[in-house]
Amino acid sequence: MELPQIQLALPQRYPLLLVDRVLTVQPGQMIETCKAITATEPCYAGVAATAPLADYAYPVSLLIESFGQSAALLWLGADGFSAHDSVLLFVGARNYRVEGHAYPGDVVRHVVRLEQVVADTAFASGESWAGERRIATIGSLMAACRPRQAVATVPQAQTTN
Amino acid sequence: VELVATVEVDPDDPNLRGHFPGFPIYPGVFVVETLCQAMGEAFGDNGVRPALREVKSLRLTAPLEGGDELTLTATVTPHEAGWRVRATGTRRDGKAAATVTALFDRVVA
């Protein structure tokens, strides 16, 4: 699955669409995705020219988001996020362990397993890799699809694709 | 040690334009980012930096829309060679938006 299909399935857009490609998928069970990291990522805009490599470690927050979007692709499938009156929310995580970092030039690979779906909430687990290095293990990540009215106080916005 | 960090949720921030188009909601993972930056400000020193090791628990209980403000209040205690942090985030209306428990390593560059 390439970006045109990913954009049909996920509501996130540039610069916060953090899945570049789906490598493999076993519907309802497992998905493998990738996200390439480059020095032109917006998160590096403020890094000083004299900064050490550690300052180029890709932020854990964005790695979690990228993993979560991969989990959403697995959960919602290729039909994805078609309901314009719903919103996809990250609602929690347990035991997200950082084991290493990704740097510009790395391709992060997420391996995500769908553990459970209860009503409008999905639970996923897995790992993230940078080449042969495992950089994170994820005990549990939770996402939910909620009606827009339950989330927003503003009038329902137009959806553009 | 208690840390307090506040973040304005700017609906014109490029990140929020993509999350989501026409419907800006503060990305929940940015609670983790805010915590990391606050720890860096509070405990980062010449050659020493706090590095997130584990998010033990993160719960996002209420979304923040564009224009809102997140106030993150964290209690930091020494843990092994680093820190254990327990933080709660509230919206401007006082509603609890997030709770997070995390471990940070003390990394010497």
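Which side chains meet in a salt bridge at 2.8 Å, N to O? They are those of A:D55 and B:R49. A salt bridge here is a side-chain nitrogen of Lys or Arg within 4 Å of a carboxyl oxygen of Asp or Glu. Side chains of opposite charge can pair when their charged atoms come close.

**The model**

This is a predicted model, in which local features need pLDDT of at least 70, side-chain atom pairs count only at pLDDT 80 or more, and totals for chains, interfaces and linings use all residues. Residues are numbered from 1 along each chain as its sequence is written, chains are lettered from A in the order in which they are written, and side-chain values use heavy atoms, with hydrogens and water left out.

The term pLDDT is the predictor's confidence in each residue, from 0 to 100. Chain A averages 91, and 91% of its residues score at least 70. Residues 154-161 of chain A stay under 50. For that stretch the model has 15 contacts beyond four places in sequence. Contact means heavy atoms within 4.5 Å. Where pLDDT is low, the predicted coordinates should not be read in detail.

**Where the chains meet**

Contact links 35 residues of chain A with 27 residues of chain B. Together the two chains bury about 2,500 Å², with 60% of it on carbon and sulfur atoms. Buried area is the accessible area (1.4 Å probe) that two parts lose on being put together, summed over both. In chain A, A:L16, A:S61 and A:F90 lose the most area to chain B, together 19% of what that side buries.

The count between chain A and chain B is 2 salt bridges. There are also 11 residue pairs in polar contact across this interface, both residues at pLDDT 80 or more. A polar contact is a pair of N or O atoms within 3.5 Å; within protein, one must be able to donate a hydrogen and the other to accept it, and residues adjacent in sequence count only if both atoms are side-chain atoms.

On the side of chain A that touches chain B, β3(A) gives the largest share, 12 residues. Helices (H or I, at least four residues) and strands (E, at least two) are DSSP runs, numbered from the N terminus.

**Strand pairs**

β3(A) also pairs with a strand of chain B, β2(B). Two strands pair if DSSP finds at least two bridges between them.

| Strands | Sense | Bridges | Residues standing opposite |
|---|---|---|---|
| β3(A) and β2(B) | antiparallel | 5 bridges | A:G92 and B:R59 |
| β3(B) and β4(B) | antiparallel | 9 bridges | B:T75 and B:R86 |
| β4(B) and β5(B) | antiparallel | 8 bridges | B:W83 and B:F104 |

The hairpin of β3(B) and β4(B) has 2 residues between the strands, and B:E80 takes a positive phi near 45° there. The hairpin of β4(B) and β5(B) has 5 residues between the strands. There, B:G94 takes a positive phi near 90°.

**Within the chains**

Over all chains, the structure holds 14 salt bridges. One of them joins the side chains of A:E32 and A:R109 (2.9 Å, N to O). This pair links distant parts of the chain, 77 residues apart: A:E32 lies in β2(A) and A:R109 in β4(A).

Some backbone angles deserve a look. A cis peptide bond joins A:Y14 and A:P15, with omega about 0°. A:P15 is in the loop between α1 and β1 of chain A. The peptide bond from B:H19 to B:F20 is cis too, with omega near 5°. A:N95, in strand β3 of chain A, has a positive phi near 50° and is a residue other than glycine.
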